[in-house]
Amino acid sequence: MEITNSKPHLVFLSSPGLGHLIPVLELGNRLVTLCNFEVTIFTVLSNTSQTETQLLQSAMTAKICEIIQPPPVDISSLIQPEAAIVTQISVMMREIRPAFRSALSALNFGPAAIIIDLSGTESLEIPKELGIPKYVYMPNNAWFLALTIYLPFLDQVVEGEFVDQKENLEIPGCRPVRPEDVVDPMLDRSNQQYFEYVRVGNEIPKADGILVNTWEALEPTTLAALRDENLLYKTIKIPVFPIGPVRRAVGKVQVGSKCELLNWLDNQPKESVVYVSFGSGGTLSFEQMQEIAYGLEMSHQRFIWVVRRPTIETGDSSFFTTGNVGDDDISRYLPDGFLTRTKNIGRVIPGWGPQVQIIGHPSTGAFFSHCGWNSILESLTNGVPIIGWPLYAEQRLNATLLAEEVGVAVKPKILPSNGVVKREEIVMMIRKIMADEEEGDKIRKRVKEVKENSERALNEGGSSCNALSSFAGECKKGWKR
Ligand SMILES: O=c1ccn([C@@H]2O[C@H](COP(=O)(O)OP(=O)(O)O[C@H]3O[C@H](CO)[C@@H](O)[C@H](O)[C@H]3O)[C@@H](O)[C@H]2O)c(=O)[nH]1
């Protein structure tokens, strides 16, 4: 790809994991096509996920953004084998800094700005040294951003474990966070991932601004708090640009290339199918898989289920290997006879599915989701209500936001990360979203409103379009050809 000096240039630093790579690639594409930038993305990969590698390959083929892939870093001597995902990613991003610094110094153009995603904030010092404007990209919602930047303060005033607190955690101007909803790194204050997360909270305000993957109408109160000098602006003192929803859209499916699954969806009634999938890393215990299988069967609703090998220990153990487990014989993890009994109403896919095509299909009526933010955005922008099944990371926070503030989701009484949710409750949630005429109807109407307000935000003159333009304006202002 030829790099010219005629357009301002932005450089991204993206961290491992599809949940980060996807929104970085999407935002990069948007800045090229809508704002007339050239974009280079410095990608740090886990190097163990085939799906990650494939995604990057297709981004390289599309040639919208320039991709730089540094050699993999070996962190095995720096962490314990059982280190949490956040710790692993933090250490990888720390070790990549010399390569990122050399790559920036070797560029034959002066970038207008550097955009660093959430897990790479330790690298903000590099553009600072080089005198280049620097921004943080939060590929999640504003409430999670608020908790992250306020955590260093909570760290000073809260005693004991957050999960053991009797009172909700107050964040100025925002919805309080229930102790049971705190993000994974806050579960154990003696674990390295907690220190890494507090560090990120301290580092974000060192940027010149924050891009966040949400929009005004979705989180008006939190965004107002982030701008209010008496509330959270006091902590960050930098502008926040709500530019979302940045998400993958349904591409045109080539004639003749449609898979059997999408043909099957074509033949189902409108909004009749429940799509069940837990993102790029979510896995379930064997017992929980049985309950979901029976719950789906007993609900008598049509479904598509992306099934992975169960885990016993943690919910996130396939985070870096997604797409690599697809060849397993998944029938052995499902109840006897399940596949035969449900063959007329359901489809089970091993490992990985064409999610954006499924969610964007008119036959899909609900998304049974782990509430990763990309999945949520794909659902909301297609007007599909959510059965929230938070597993790890910040997903409990996301599920609460959707169910209790936005009004587009239901979630189980006990959190799936805390115990096994029984089939009866699963049936109840599915039926509420798919068939309930009162509460269900309200949720289905609300999600259509959210779809429309997301479109308005992105259209010309909409809040996110304006936020992206003002970010672009700031970057172009300081750029010297
Ligand atoms: O079978 C599948 C499963 C997933 N996807 C895609 O993979 C992405 C998954 O992203 P997301 O829903 O955000 O889940 P995670 O990969 O789990 O994301 C991580 O990163 C997100 C953004 O920071 C966080 O919100 C999550 O909690 C964290 O687990 C989405 O674009 C999906 O369309 C597929 O295409 N097919």
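Strand β2 (residues 38-43) pairs with β3 in the parallel sense, over three bridges. Strands count as paired if DSSP finds at least two bridges between them. Within this pair, T40 stands opposite E66 of β3. Helices (H or I, at least four residues) and strands (E, at least two) are DSSP runs, numbered from the N terminus. The model is a predicted one: local features need pLDDT of at least 70, side-chain atom pairs count only at pLDDT 80 or more, and totals for chains, interfaces and linings use all residues. Residues are numbered from 1 along each chain as its sequence is written, and side-chain values use heavy atoms, with hydrogens and water left out.

The strands β2 and β3 belong to an open sheet of seven strands. Its order is β3-β2-β1-β4-β5-β6-β7, and the pairing is parallel. The edges are formed by β3 (66-68) and β7 (240-242), each of which pairs on one side only. Neighbouring strands of the sheet are turned by 25° against each other on average, direction ignored. Axes are lines fitted to C-alpha atoms, for helices over the stretch in contact, and angles run from 0 to 180 degrees between N-to-C directions.

Helix α1 (residues 18-35) packs on this sheet. The helix touches β1 (9-14), β2, β3, β4 (113-117), β5 (134-138) and β6 (210-212). Contact here means heavy atoms within 4.5 Å. The direction of α1 makes about 175° with that of β1.

A ligand is surrounded by 23 residues. The closest are S280, G353, S375, E378 and E394. An N or O atom in the side chain of S280 is 2.3 Å from a ligand oxygen atom. For S375, the corresponding distance to an oxygen atom of the ligand is 2.5 Å. A polar side-chain atom of Q355 lies 3.2 Å from an oxygen atom of the ligand. Taken alone, the ligand exposes 690 Å², and the protein buries 97% of that. Accessible areas come from the Shrake-Rupley method with a 1.4 Å probe.

Q88 sits in helix α3 (residues 85-95). Q88 counts as buried because its relative accessibility is 16%, the cut-off for buried being under 20%. Q88 and T148 are 60 residues apart in sequence. In space they are 19 Å apart, C-alpha to C-alpha.

Note on methods
Buried means under 20% relative accessible area, exposed over 50%, partly exposed in between (1.4 Å probe, protein chains only). A residue is near a molecule or strand if one of its heavy atoms lies within 4 Å of it. A polar contact is a pair of N or O atoms within 3.5 Å; within protein, one must be able to donate a hydrogen and the other to accept it, and residues adjacent in sequence count only if both atoms are side-chain atoms.
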